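Here is a short briefing for a first look at this protein. Keep the sequence and the 3D view open while reading.

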Amino acid sequence: MLNPLELKEAALVYLDRSGGLQKFVDDCKRYNESKQSYAVYRFNILINPSDVVELDAVLGNHILHKPLKAAQLFQSVCFVAVKTLSLIEQLKTETQINVVLKITHLPSLPSYCFDLCEFPFDYISERFYKVEGIVIAMTTITKYTQGARFLCSDETCPFSEGFQYIRVHVPGATESATVRNDFFCKLCASPLQEDRKFRVLGDKQIVEIIAAKALSALKGYSNQPSRFQSLSVFLRDELSNKMKIGNKYGIIGIPICVKACSQAAICIEANSIHLCRTRDPSDIGDKFKNLLSMTSNSCWKFTAILANFFASQIVPPGVYTTLKLCLLMSLVQTSDKDNEAPNYLDILIMTSDQLLVDRLLNFGVCLVPRGIRHPAGSEIFPTVSKDKYGTGAANIQACSALLAKGGVCFIGDLSSYKKDKLDLLQSVLESRTITMYIPGKKCGGVDQQINIPIQTSFWSFIDLDSSSKRHVYKNSNLIGQMDFSMVPSNLMDSFGLLIHCNESSPSHPVLPSVEHCLKKAIDLESISWTDSQQFTAQDFEKLIAFARNLHVELSLEAKNTINGYYLASRRTRTDSVHGSKLTASALKHLVALSEAHAKLSLRKSVLKEDVLIAILLFETSLTLKYGTSVFCTAPNAAFPFELNNAKCLQQRDVYLLQCHQQLQQFIATYGSGVLVSSNEE
Ligand SMILES: [Zn+2]
């Protein structure tokens, strides 16, 4: 049997020892000094369950499993404190005290976890659970009734004044449960009426979360049919506006059943929230460690071997090496740190081999926790709708780009989008934010404008075969230039990198790929390049997770090379009509590429060797758009040879050294005055 008096005593001792009593007295002082009379006085009391259990196990158990009853217990302790210490003159009855117990954490035991994928849910026992999920939608903030005062409608009744009838919001209650007109006086049975002057309002926001597991449905092709359900979370008062769309949170709260329209839904009334952090991997695995030490004599060999063997499940080594290198670089250039805005590396691929490229990109997005393959026919960017709970708020839905926060959003064939979508994409690529307009008419209230950051890298491709049927190609006059009339050129500039995926080496990519598939189907042992079998998708996942967390810095040499090349390119790629073809964003892209190569090489400093690879990739991309320049590069500048053995790798290093000399020559001739480059923009 619970002894209420002993529990109250323990509660008081806990308040005293935890410093909660002092905070309560301070809160009371503020209410008292305001001299204003309220229907309810709200107090947050911080509860550390471990400390409470240590002090009094029965009380601790009570708080964890009967939180609403425990709150009443603290309510009466607080009322006694207010009265004995004369803390608030205006406060008349115990019901006017609204105590909210804020739980710091829950015991890390399975019975406290509320798994969104495990049925059935317990929403009856009204106790605390912890749930983890990614925010996929959230409403704007609206008001709810924290507390209200009711009076007897019969003026002769003593309860027609005073604070006898106080309604306070309890977790799980809807607005209509708190404020209704079917209450009757206990003394005279006359109907009660609300005294509206005394209504206390608080902020409310509803967010929708899904289990992180549910994202697997949006990752490439999933074999198993699956159904994932979202869960609504009620954030009230100080918790509203504490969550960001797309982030993953751990939420402590009480599961409840709420009736929305004609349907009942399970929701969580949040008590406390915290941002979930992914644990940074400390290791890249032995295979890559060995490879790293074996290639330590060169700044280029490690990434070359990575690119060569990447995704060998899909394409044989030697095919699409440039594309594979760029995908790896884009992957390590993502960041899921909320406070970091990395230089994103967006990739646009031109290909007539849609099938393989699509499979490669799919393979790539699966290697980061937030890799999303955008489902055709849905929205890429957030949308606004009406909130389904009828609170009159606008509901913002995350859609693919926000779900891919801190990862990669693969949006498929670019030529399948209409012009307005492409314009929006371009503005997002340039500003990395999206502005949402919420019309007041539609959702009640005033017009609102919200800016949401878009922290993801975008991958897309253009299928040259299918788009050539829709577009008439002009004959291009410039060497190396392709005709991209189907995509606005501004949009193309917004993508950091343009890759033409018809590898010249080996000259025809289809044959080795077919051979690869056939061999794989017949006999695994017969595949000659058995080394590649050693790097599994999991190995790459681990490597990428490690590399993307590296913090890299540009060396002075690297900075000067980037600025010099940028300046020289601006000067050489100029025509009399449009001025320079290089936009200011080119500098940003060059930095992103250089950083990415350094990270993929597991270096913390960006060297001139990284910048060289960045420039070769970027120059190839420019050549596709505008034709060759004075700084003439091979069509397949980063990987001119096959990489079958150590000798080829050495040969490539020699070639890259020559390229570096050419680059220095180019910069010396056209890029002098490096230091004033920023003024020229
Ligand atoms: Zn009455």
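**Helix packing and a parallel sheet**

The axes of helix α18 (residues 556-572) and α19 come within 10 Å and cross at roughly 140 degrees. This crossing is right-handed. The model is a predicted one. Its secondary structure comes to 22 helices and 23 strands.

**The α18–α19 contact**

- From α18, the contact with α19 uses Ala558, Ile562 and Tyr566.
- From α19, it uses Ala586, Leu587, Leu590, Val591 and Ser594.
- By class, the residues of this contact are seven nonpolar, one polar and no charged.
- Residues three or four places apart in an α-helix point the same way, because there are 3.6 residues a turn.

**The α18–α21 contact**

- Helix α18 also meets α21: their axes come within 9 Å and cross at roughly 65 degrees.
- The crossing of α18 and α21 is left-handed.
- On the α18 side, the contact is made by Gly564, Tyr565, Ala568, Arg571 and Thr572.
- On the α21 side, Leu663, Phe666, Ile667 and Tyr670 take part.
- The contact of α18 with α21 has six nonpolar, two polar and one charged residues.

**The enclosed helix α8**

- Nine of the nine residues of α8 (residues 301-309) are buried, so this helix is largely enclosed by the rest of the structure.
- The buried residues are Lys301, Phe302, Thr303, Ala304, Ile305, Leu306, Ala307, Asn308 and Phe309.
- They pack against four helices: α7 (286-294), α9 (321-332), α19 (585-600) and α21 (646-670).
- Just after α8, alanine 311 takes a positive phi of about 55 degrees.

**The five-stranded sheet**

- Five strands make an open sheet with parallel pairing, in the order β12-β15-β18-β11-β19.
- The edges are β12 (371-373) and β19 (497-500), each with a single partner strand, so one side of each is left without a neighbour in the sheet.
- From one strand to the next, the twist averages 15 degrees.
- Strands β15 (residues 408-413) and β18 (residues 457-463) run parallel and are joined by four bridges.
- Aspartate 413 has phenylalanine 461 of β18 as its bridge partner.
- Helix α9 lies across β11 (347-351), β15, β18 and β19.
- The angle between α9 and β19 is about 155 degrees.

**Positive phi at two further residues**

- Most residues other than glycine have a negative phi.
- Cysteine 399 is not a glycine, yet its phi is positive, at about 60 degrees.
- Cysteine 399 lies in helix α11 (residues 399-403).
- With 22 other C-beta atoms within 10 Å, cysteine 399 is buried, because 20 or more are enough.
- Leucine 602 is not a glycine either, and has a positive phi of about 60 degrees.
- Leucine 602 sits in the loop between α19 and β23 (605-606).
- Leucine 602 counts as partly exposed, with 18 C-beta neighbours inside 10 Å.

**The protein as a whole**

- Buried residues make up 41% of the 681 residues in the protein.
- Of the contacts between residues at least 6 apart in sequence, 75% join residues at least 24 apart.

Methods: Residues are numbered from 1 along each chain as its sequence is written. This is a predicted model: local features need pLDDT of at least 70, side-chain atom pairs count only at pLDDT 80 or more; totals for chains, interfaces and linings use all residues. A residue is buried if 20 or more other C-beta atoms lie within 10 Å of its own, exposed if 12 or fewer, and partly exposed in between; C-beta atoms are placed from the backbone. Helices (H or I, at least four residues) and strands (E, at least two) are DSSP runs, numbered from the N terminus. Two residues are in contact if their C-beta atoms, placed from the backbone, lie within 7 Å. Axes are lines fitted to C-alpha atoms, for helices over the stretch in contact, and angles run from 0 to 180 degrees between N-to-C directions. A crossing is left-handed if the near helix is turned anticlockwise from the far one by less than a right angle, and right-handed if clockwise. Ala, Val, Leu, Ile, Met, Phe, Trp, Tyr, Cys and Pro count as nonpolar, Asp, Glu, Lys and Arg as charged, and the others, Gly among them, as polar. Two strands pair if DSSP finds at least two bridges between them.
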